[in-house]
Amino acid sequence: MGKILIIITTIFCIILSLDAKPNRDILSITPLSQNAKNSYIITQRDILAKYRIFSAVPKHGDVKSIIFLLDGNAHFPIALNILAQSQASHIALIGVGYAKDIAYDVANRRLDYTPKVTKKELQNDDRFYNGGGAQSFFRILNQDIIPQYISKYKHAKKILFGHSFGGLFCLYTYFNHSSSFDSYYCASASLWWGEGEILNSLNNLKSNPKLTLSIAELEKPQKHGYSPIDINGLYNILKQREKNVDFIIFKDRNHGNVIADAIKNMLSKNGVILNDEN
């Protein structure tokens, strides 16, 4: 009986993790276009036996912004292909992913991108199992990853992009370490984690960097779990506090297929001119 319960619990946690990632094939990584390969110096390296860091620096041009993309295995090639079509030469991309040849590392992103659940009655809740590593991951990002790329471009703007659990970590960093980036783009953030755990950080915000909150029109975040407020509600709170925040709803999109739209919007907000083919 005990073994059966463990198996059921494990399956339940996997289902929640899969729901919190984009609903695309977990093994599907977008190949880089030839245009991207021709226009950018592209590298990748593994660090700390866990993370894979992708970088793309324009071969010609002056880097004025560096965009750090969470879920780098999946989102780095999507963003770079779009960027290469625009012929923008002022942006460098850094994809922060995992040292596996899959698009989304379900277990590691669940651990790294989620804050600790502080409500005692939820700490043994299966929905929030194997999470809570956001602060540890922030230290790695801040100490072992960002400095490697900022040192060469000391005056470049730093932007953080995340979707779903990545969007949740983006919010976590915005609230608790707001000066770490000049701009944050938090797409479809998983506010349901810990039944709104991230809202406990609202009063930790010490500065006022640019924040964009976005969500897909057809998303149903309530199926994952309860949150006291939704993304629109969070936007209203921050707006009332006179924070530099935007809110975007992507029409006719769901949690999975909104990623490219969010990336395009994020790039356009950072001076990238997109044509109809992007």
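A residue is called buried when its relative accessible area is under 20%, exposed when that area is over 50%, and partly exposed in between, with a 1.4 Å probe and protein chains only. The structure above is a predicted model, in which local features need pLDDT of at least 70 and side-chain atom pairs count only at pLDDT 80 or more, while totals for chains, interfaces and linings use all residues. Residues are numbered from 1 along each chain as its sequence is written, and side-chain values use heavy atoms, with hydrogens and water left out.

The protein has eight helices and eight strands, where helices (H or I, at least four residues) and strands (E, at least two) are DSSP runs numbered from the N terminus. Of its 278 residues, 54% are buried. Its accessible surface, computed by the Shrake-Rupley method with a 1.4 Å probe, comes to about 13,000 Å², and carbon and sulfur atoms hold 51% of that surface. If a contact is taken to mean heavy atoms within 4.5 Å, then, among the contacts with a separation of 6 or more, 76% are between residues 24 or more positions apart.

Because 14 of its 15 residues are buried, α3 is largely enclosed by the rest of the structure. After α3 comes Gln87, which has a positive phi near 65°.

In soluble globular proteins, nonpolar side chains tend to be buried together. A nonpolar core is defined here as a set of buried Ala, Val, Leu, Ile, Met, Phe, Trp, Tyr and Cys residues joined through side-chain atoms within 4.5 Å. The largest such core has 54 residues, and Phe169, Leu171 and Leu213 touch the most other members. At least two residues of this core come from each of β2, β3 (65–70), β4, α5 (134–150), α6 (165–176), β6, β7 and α7 (231–240), and α5 gives the largest share, nine residues. Leaving out residues up to four places away in sequence, Leu171 touches several others, including Cys186, Leu213 and Leu234. There is also a second, separate core of 33 residues, which includes Tyr40, Leu69, Phe76 and Val272.

Rings of Phe, Tyr and Trp (its six-membered ring) pair if their centres lie within 6.5 Å, and the pair is stacked with planes under 30 degrees apart, edge-to-face over 60 and tilted for the rest. The whole structure holds 19 aromatic pairs. In one of them, Tyr98 and Tyr113 are tilted, at 6.5 Å centre to centre with 45° between the planes. This pair links distant parts of the chain, since Tyr98 is in strand β4 (residues 91–98) and Tyr113 in helix α4 (residues 106–113), 15 residues apart. Both tyrosines, Tyr98 and Tyr113, are buried, and they belong to one aromatic cluster together with Tyr51, Phe137, Phe169 and Tyr172.

Finally, two loop residues can be set side by side. Ser190, in the loop between β6 (183–187) and β7 (210–216), counts as buried because its relative accessible area is 3%. Beyond its neighbours within four places in sequence, Ser190 is in contact with Ser164, Phe165 and Leu168. Leu48, in the loop between β1 (40–47) and β2 (51–58), counts as exposed because its relative accessibility is 52%. Not counting residues up to four places away, Leu48 touches Ile140 and Asp144.
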